[in-house]
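Visitor: I'm new to this one. Could you show me how to read it, feature by feature?

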Amino acid sequence: MIPEDLRYTAEHEWVAGDGTGSVRVGITHFAQDALGDIVYVQLPEPGATVAAGDSLGEIESTKSVSEIYAPVSGTVAARNEALGDTPEVINTDPYGAGWLVEITPDDPTAVDSLLTAGAYRELTES
């Protein structure tokens, strides 16, 4: 379950966007499956600046707490407020309603340097 039209990080975040504006970020099916039942998500406020590779929040499951890493540097344009009440939607729809934040990248071409679906598939199968 790795959509071909997204880009990925080695830390199991996905990125959707065409390079012309904000990109939407979430965690992959692989990540939510490894985490188990998600019970809480801590996300940055809109307007916060993030650096690629730095932590931008946390996801807490019944098993553990995991960092969420920024796939690109930029400014948080929006966060998924619905996750405050229903964080478990990340488990059921990680590529749709379970998105985490939208980031306006400092460099719109930075998304191109992330993993393709094929490269992410190889990472998770090895």
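Predicted model: local features only at pLDDT ≥ 70, side-chain atom pairs only at ≥ 80, totals over all residues.

Visitor: How many residues does the largest nonpolar core have?

Guide: In general, nonpolar side chains tend to be buried together in soluble globular proteins. Here, the largest core has 24 residues, and I27, V41, I59, I90, L100, V101 and I103 have the most contacts inside it. At least two residues each come from strand 3 (23-27), helix 1 (29-35), strand 4 (38-42), strand 6, helix 2 (89-92) and strand 9 (101-105). Strand 3 gives the largest share, three residues. Another core, of nine residues, lies apart from it and includes W14, W99, A117 and Y120.

Visitor: Which residues is I90 in contact with, leaving aside its neighbours within four places in sequence?

Guide: I90 meets I27, Q32, I38, V41, I59, L83, G98 and L100.

Visitor: Is S61 buried or exposed?

Guide: Buried means under 20% relative accessible area. S61 has 6%, so it counts as buried. You'll find S61 in strand 6 (residues 55-61). Its side chain reaches the backbone oxygen of L35 at 2.8 Å, and a polar atom of that S61 side chain lies 3.1 Å from the backbone nitrogen of K63.

Visitor: And what is phi of H12 near?

Guide: Most residues other than glycine have a negative phi. H12 has a positive one, near 80°, and sits in the loop between strand 1 (7-8) and strand 2 (13-16).

Definitions and conventions: Residues numbered from 1 in each chain as written. Heavy atoms only, no water. Helix = DSSP H or I, 4+ residues; strand = E, 2+ residues; numbered from the N terminus. Buried < 20%, exposed > 50% of the residue type's maximum accessible area, 1.4 Å probe, protein only. Polar contact = N/O pair within 3.5 Å; in protein donor to acceptor, adjacent residues only side chain to side chain. Core = buried A, V, L, I, M, F, W, Y, C linked by side-chain atoms within 4.5 Å. Contact = heavy atoms within 4.5 Å.
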